[in-house]
Amino acid sequence: MSRLPVAVAAAVTVAAGLGVRALFSGPFAKYSGDALYTVLIYLLIVLIRPNVRPWVAAPLSCGLSWAIEFAQLAGIPAVLRPLLGSTFNPPDLFWYAAGAALAGTVHTLIARR
């Protein structure tokens, strides 16, 4: 997969995440932001390894998101909290998986074309 479209998709994902947080509040904004966070991690994996298969990138991006979430139990340094969060929230784990599944599905559909 070419890196340019992936980089554009990553920029759009960041813009979508910021837009959702700016335009909405409550659970919708929080959980869609969580899913988009994992989509961004997925896209960064694909930027690093353009030939990665969706069935590898999806669980890896979900696993990284989960690792960051569980790290919040031990405490995230203050300087990293804006990026990595500070409070463990179990429902986030589901939404990270949903974001990984969405990204993997889209990647699979694009790869089949």
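Predicted model: local features only at pLDDT ≥ 70, side-chain atom pairs only at ≥ 80, totals over all residues.
**Overall fold**

I started with secondary structure. I found 5 helices and 0 strands. From the N terminus on, the order is α-α-α-α-α.

Next I checked the dimensions. The C-alpha trace spans about 40 × 30 × 25 Å along its principal axes. For 113 residues, a compact globule would have a radius of gyration near 13 Å; I read 14 Å for this protein, which agrees.

Buried residues are 34% of the 113. Of the contacts with a separation of 6 or more, 62% join residues 24 or more positions apart. The exposed surface comes to about 6,900 Å², with 73% of it supplied by carbon and sulfur atoms.

**Helix α1**

I tested the length of α1, residues 3–23. Its 21 residues should span 30 Å at 1.5 Å a residue, and the end C-alpha atoms are 30 Å apart, so the two agree.

Which residues of α1 are buried? I listed V6, A10, T13, G17 and V20. They sit on the same side of α1, because their arc around the axis is only 95 degrees.

I moved on to D34, in helix α2 (residues 26–48). Is D34 buried or exposed? Its relative accessibility is 6%, so D34 counts as buried. Leaving out residues up to four places away in sequence, D34 touches R21, D92, W95 and Y96.

**Salt bridges**

I counted 2 salt bridges in the structure.

One pairs D34 with K30, the closest N and O atoms lying 3.2 Å apart. Both residues are in α2, 4 residues apart, which is about one turn of the helix. K30 is partly exposed, at 27% relative accessibility.

K30 also meets D92 through their side chains, with 2.9 Å from N to O. K30 is in α2 and D92 is in α5 (residues 91–112), so this pair ties together parts 62 residues apart in sequence. D92 counts as buried, at 3% relative accessibility. Shared partners join K30, D34 and D92 into one salt-bridge network.

Note on methods
Residues numbered from 1 in each chain as written. Heavy atoms only, no water. Helix = DSSP H or I, 4+ residues; strand = E, 2+ residues; numbered from the N terminus. Buried < 20%, exposed > 50% of the residue type's maximum accessible area, 1.4 Å probe, protein only. Contact = heavy atoms within 4.5 Å. Rg over C-alpha atoms; globule rule 2.2 N^0.38 Å. Areas by Shrake-Rupley, 256 points an atom, 1.4 Å probe, with all protein chains shown as cover. Expected span 1.5 Å × (residues − 1). Arc of directions from axis to C-beta. Salt bridge = Lys/Arg side-chain N within 4 Å of Asp/Glu carboxyl O.
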